[in-house]
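Please look over the structure below before reading my points.

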Amino acid sequence: MTSATLLTPARTSRPGGDRPGATTRAAERAYIRVLVVLDTAVLAVAILAGYLARFGDEQPTGSEIPYVVVAPVLLVVWLVSLKAMRCYDDQVLGYGADEYRRVSSASLRLAGGIAIAGYIADVGVSRGFLAISFAVGTLGLEVARFAARKRLHRARDRGAGWSRKVLVVGDTAHVLELVHTLRREPYAGYQVVGACIPDALLAPVPQRLGDVPVVGSFRGIPEAATAIGADTVAVTASGELTATRLRRLGWQLEGTGVDLVVAPALTDVAGPRIHTRPVAGLPLIHVEAPEFRGARKLVKGFVDRSLSLIALLLLSPLLAALALAIKLDSRGPVLFRQTRVGQGGEEFGVFKFRTMVVNADALLAELAARNETDGLMFKMRDDPRVTRTGRLLRRWSLDELPQLANVLLGHMSLVGPRPPLPSEVARYDGDVARRLLVKPGMTGLWQVSGRSDLSWEDGIRLDLYYVENWSLAADLTILWKTFGAVLGSRGAY
């Protein structure tokens with residue numbers, strides 16, 4: 001979960017007729033229909049590809065059931081399997097990794113079931129045909145879902161697309177915090193349209209919390225949701241909203257078509273570390289401690305060094321060409337070696353292709369007043385110290401390729417927090433210093449979330465989130481997203 005607040009949904013029933021969020025429900029159903037059409041097309045192509053790859057122009061033999069029957073049956077059963085695994089549930093669509101996991105799980109389980117059933121019943125369907133169909137189909141489903149999600153995210157960023165209209169309930173401070181969190185990631189699909197606060201905080205004149213209108217108190221939450229057309233009530237912390245009142249609110253929302261979600265005061269903790277355990281009717285949320293050592297760390301180190309070695313070998317011609325371009329463009333060394341701080345506060349020399357003139361550090365003092373960031377780093381879009389070749393290297397992040405050597409030497413990881421300068425670390429407070437609990441990375445959440453366009457606060461928040469919640473699966477996702485960030489040149493200067 002990349003959002004800073006855990007949203008725990010408690011679904012209410014949805015009867016027919018006019019109800020709050022009818023427009024949102026219609027948009028949601030339209031998006032699901034698009035997914036069904038996409039999935040059907042992908043599976044049809046996958047099954048056809050499996051048939052052609054296995055048989056080509058030959059006539060299939062050895063099967064008692066003709067493939068003109070096998071193919072459509074397999075298509076229908078596959079779609080049913082996706083439905084059974086709740087791959088079209090609106091609670092997983094459009095955000096998070098659960099949607100992709102369910103699609104893969106549905107396909108793999110079906111493949112395993114068909115393999116076992118075929119062996120027991122001795123049905124002569126080609127295993128090669130099935131293997132190719134499932135391999136192409138599973139990959140195709142994931143790619144199609146990814147493309148559909150990206151289109152949905154772009155629409156949400158523009159204020160369009162399928163989004164939930166949210167009424168936030170809680171005291172003022174927690175309402176503002178939750179609103180800020182939800183708006184920080186608009187592509188998650190939670191659009192705040194109003195707030196309800198305790199009676200004691202109400203004024204005789206209309207109020208606003210920032211730009212969010214206050215539409216009522218805790219006494220009339222269902223009525224307020226209906227009045228503003230909200231389809232989701234998000235409850236955050238408040239001393240007046242007791243467990244009994246929250247339970248009654250759930251009862252009041254039954255049959256209204258409004259979802260109830262609870263946002264506990266638990267920030268920057270990812271799903272794998274969270275386990276809900278009911279105790280005496282109370283859903284206790286257990287949070288596991290972050291993992292900074294152990295078998296998974298050893299595996300991460302092995303994967304880092306193996307992939308960096310392979311990448312260095314494959315990219316050696318490109319590295320040589322870039323080195324030549326730098327040498328011809330301006331005087332000075334090809335590589336730039338700068339002291340950075342790694343895991344545990346140990347300093348090391350990070351390797352980068354030189355993108356600036358040789359006396360760049362001496363010119364920094366003259367440019368300090370033109371710093372465009374709000375933190376400890378210096379960033380400037382049109383930095384006069386950057387060479388012509390350097391601008392090209394920075395735009396495509398090619399200047400960072402020599403850091404593969406740092407990964408191979410064990411100084412860095414492929415994925416991790418941004419490697420800080422000693423001058424930055426000297427001004428760290430206790431919280432920010434937690435970035436040093438893991439190895440810095442060539443890429444990370446900061447890289448795929450805006451890079452230099454991020455504020456200092458957001459960059460630190462993303463780094464600390466990674467430190468607390470890293471996983472091998474998350475690393476692979478970040479590596480995949482890095483290619484998109486690099487190709488789009490987002491925040492690169």
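My notes follow as numbered points.

1. Basis. This is a predicted model, in which local features need pLDDT of at least 70, side-chain atom pairs count only at pLDDT 80 or more, and totals for chains, interfaces and linings use all residues. Residues are numbered from 1 along each chain as its sequence is written, and side-chain values use heavy atoms, with hydrogens and water left out.

2. Cores. A nonpolar core is a set of buried Ala, Val, Leu, Ile, Met, Phe, Trp, Tyr and Cys residues joined through side-chain atoms within 4.5 Å. Buried means under 20% relative accessible area, exposed over 50%, and partly exposed in between (1.4 Å probe, protein chains only). The largest nonpolar core has 29 residues, and Tyr31, Leu43, Trp78, Leu82, Phe129 and Leu141 touch the most other members. At least two residues of this core come from each of helix 1 (22-55), helix 2 (67-84), helix 3 (98-121) and helix 4 (127-157). Helices here are DSSP runs (H or I, at least four residues), numbered from the N terminus. Another core, of 24 residues, lies apart from it and includes Ala311 and Tyr465.

3. Charged pairs. A salt bridge is a side-chain nitrogen of Lys or Arg within 4 Å of a carboxyl oxygen of Asp or Glu. The whole structure has 14 salt bridges. One of them joins Arg145 and Asp39 (2.8 Å, N to O). Arg145 lies in helix 4 and Asp39 in helix 1, so the pair ties together parts 106 residues apart in sequence. Both residues of this pair are buried. Arg145 also meets Glu99 in a salt bridge (2.9 Å, N to O), and this pair links helix 4 to helix 3, 46 residues apart.

4. A second site. Arg388 and Asp329 form a salt bridge (3.1 Å, N to O). Arg388 belongs to helix 10 and Asp329 to helix 8, so the pair ties together parts 59 residues apart in sequence.

5. Surface. Val299, Phe302, Val303, Leu307, Ile310, Leu314 and Leu472 make a nonpolar surface patch of about 620 Å². Such a patch consists of nonpolar side chains (Val, Leu, Ile, Met, Phe, Trp, Tyr) joined within 5 Å, from residues with over 30% relative accessible area and no salt bridge. Areas come from the Shrake-Rupley method with a 1.4 Å probe. Helix 8 (residues 295-329) gives the most to the patch, with six residues.

6. Cysteines. With a disulfide taken as a pair of cysteine sulfur atoms within 2.5 Å, the count is zero.

Note on methods:
Patches are made of residues with over 30% relative accessible area and no salt bridge: like charges are joined within 9 Å, nonpolar side chains (Val, Leu, Ile, Met, Phe, Trp, Tyr) within 5 Å.
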